Amino acid sequence: MECHHDVPLSYYGDQIKGTRFSDLKLICSNCHKILHRRRPWMKVNELRELLRKS
């Protein structure tokens with residue numbers, strides 16, 4: 001399992017923001033790689049829908 005940030009940390013720039021548990025998703029490493037293949041990142045629910053259709 002890997003931890004995925006829903007909002008990229010780079011989005012916050014120089015602002016200091018603590019990560020909340022609600023900002024994180026636990027996903028398998030294969031799905032994590034898929035989420036990071038394009039910019040902006042695909043959302044976890046978008047990937048879930050894509051996998052349901054296939």
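Colleague: Is Asp 6 buried, exposed or partly exposed?

Modeller: First, a caveat: this is a predicted model, where local features need pLDDT of at least 70, side-chain atom pairs count only at pLDDT 80 or more, and totals for chains, interfaces and linings use all residues. Residues are numbered from 1 along each chain as its sequence is written, and side-chain values use heavy atoms, with hydrogens and water left out. Buried is under 20% relative accessible area, exposed is over 50%, and partly exposed is in between (1.4 Å probe, protein chains only). Asp 6 has a relative accessible area of 22%, so it's partly exposed.

Colleague: Which side chain meets Asp 6 in a salt bridge?

Modeller: A salt bridge here is a side-chain nitrogen of Lys or Arg within 4 Å of a carboxyl oxygen of Asp or Glu. For Asp 6, the N to O distance is 3.1 Å, and the partner is Lys 25.

Colleague: How many salt bridges does the whole structure have?

Modeller: Besides Lys 25 with Asp 6, Asp 23 pairs with Arg 20 at 3.1 Å. Glu 49 also pairs with Arg 52, with the closest N and O atoms 2.9 Å apart. The search of the whole structure gives 3.

Colleague: And His 32, which side chain does its own side chain make a polar contact with?

Modeller: His 32 is buried, because its relative accessible area is 14%. Its contacts (heavy atoms within 4.5 Å) include Glu 2 and Ile 27. The polar contact, at 3.4 Å, is with His 4.

Methods. Polar contact = N/O pair within 3.5 Å; in protein donor to acceptor, adjacent residues only side chain to side chain. Lists of a residue's contacts leave out its neighbours within four places in sequence.
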